Amino acid sequence: MIFQIVVFVAAALAGAIASITGFGIGSVLTPLLAASVGTRLAVAAISVPHFFATVLRFWRLRTHVDKAVLLRFGIPSAAGGLTGALLHNVAANRALGVVFGLLLVFVGISELTGLSRRMRFGNVLGLIAGAVSGFFGGLVGNQGGIRSAALLGFDMDKNAFVATATAVGVIVDAARMPAYFVTQGRQMSAIWIIIAVATLGAVIGTIFGQRLLRLVPDRLFRRIVAVLVLALGIYMAFFAQHSPPTGQMVVASRIA
């Protein structure tokens, strides 16, 4: 019961963060659940609350999606993310996580110092940035954070930023979830209570977070995203290398 409460609170917080920055549910919940069931099952399980919260966020912000950015960045990012995810178990390693953690640190610092304002993506660079960020995001298992970091290279207001990042997330989730159910459906059903609790928390947090988004001044929005990207980068670079092995598994009844 205590673990379920922790998961609910963490999911609500993650949903609120994602409503403001476009990422956060997987970044917050996956390490928490991985400590009990292993990284592989945690990634599959968190895809459920991630999907429902992302769809809700997309529906509420759908009119703000920047269609031009979605086409030249989002579609390549989704394709790259799926490719990277398929290669995750084969090619991913802790050193790669450290490298891209440092990349996120660089992006966060660049935005906070104003350096990123000199770097804006055009059509070709947008396509390349989308495909590369999506591929490596899928490879290291954190597509949302790297996606939002790359989207800082586009000139969008806060609503368009979150809505466009969310639209890409919906595409990726819709494609990857069936694979998780086929390969790990039995294991996921064993922890269905935790998944349901996380989903409820993420949905509630999403609704609350979108109200907060309206209160965030446009001039502060990019700095908030940069700070959270920086924090995620530090985590990936210095702490993710000590995460439990992908295959680690603990009996599901211990967290039920």
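Visitor: Leaving aside neighbours within four places in sequence, which residues is Gln210 in contact with?
Guide: This is a predicted model. Gln210 sits in helix H10, residues 192-215. Once its neighbours within four places in sequence are set aside, the residues in contact with Gln210 are Ser19, Arg57, Arg60 and Leu61.

Visitor: Does Gln210 count as buried or exposed?
Guide: The relative accessibility of Gln210 is 5%. Buried means under 20% relative accessible area. Gln210 therefore counts as buried.

Visitor: What distance does helix H3 reach from its first C-alpha to its last?
Guide: Helix H3 covers residues 39-61 and has 23 residues. At 1.5 Å a residue, the expected value for H3 is 33 Å. The distance in the model is close to that, at 31 Å.

Visitor: At which residue in H3 does a kink lie?
Guide: The kink in H3 has an angle of about 25°. Its position is shortly before the proline Pro49. The residue at the kink is Ser47.

Visitor: How many charged residues has the contact of H3 with H9?
Guide: Two packed helices are described by the angle between their axes and the distance between the axes. For H3 and helix H9 (residues 158-190), the angle is about 145° and the axes are 7 Å apart. H3 passes H9 in a left-handed crossing. By class, the contact of H3 with H9 has 17 nonpolar and eight polar residues, and the number of charged residues is four.

Visitor: Why is helix H8 largely enclosed by the rest of the structure?
Guide: Helix H8 runs over residues 143-151. Its buried residues include Gln143, Arg147 and Leu151. H8 is largely enclosed because the number of its nine residues that are buried is nine.

Visitor: How far apart are the end C-alpha atoms of helix H11?
Guide: Helix H11 has 21 residues, 218-238. At 1.5 Å a residue, they should span 30 Å. The distance in the model agrees with this, at 31 Å.

Visitor: How far apart in space are Arg222 and Lys158, C-alpha to C-alpha?
Guide: Arg222 belongs to helix H11. With a relative accessible area of 15%, Arg222 is buried, and among the other buried residues of H11 are Phe221, Val225 and Met236. Arg222 and Lys158 are 64 residues apart in sequence, and their C-alpha separation in space is 7.7 Å.

Visitor: What percentage of the contacts with a separation of 6 or more comes from residues 24 or more positions apart?
Guide: The chain has 256 residues, of which 51% count as buried. Among its contacts with a separation of 6 or more, the part from residues 24 or more positions apart is 86%.

Conventions:
Residues numbered from 1 in each chain as written. Predicted model: local features only at pLDDT ≥ 70, side-chain atom pairs only at ≥ 80, totals over all residues. Heavy atoms only, no water. Helix = DSSP H or I, 4+ residues; strand = E, 2+ residues; numbered from the N terminus. Buried < 20%, exposed > 50% of the residue type's maximum accessible area, 1.4 Å probe, protein only. Contact = heavy atoms within 4.5 Å. Expected span 1.5 Å × (residues − 1). Bend = angle between axes of the 7 residues up to and from the residue. Axes fitted to C-alpha atoms, helices over the stretch in contact; angles between N-to-C directions. Left-handed = near helix turned anticlockwise from the far one by under 90°. Nonpolar A, V, L, I, M, F, W, Y, C, P; charged D, E, K, R; others polar.
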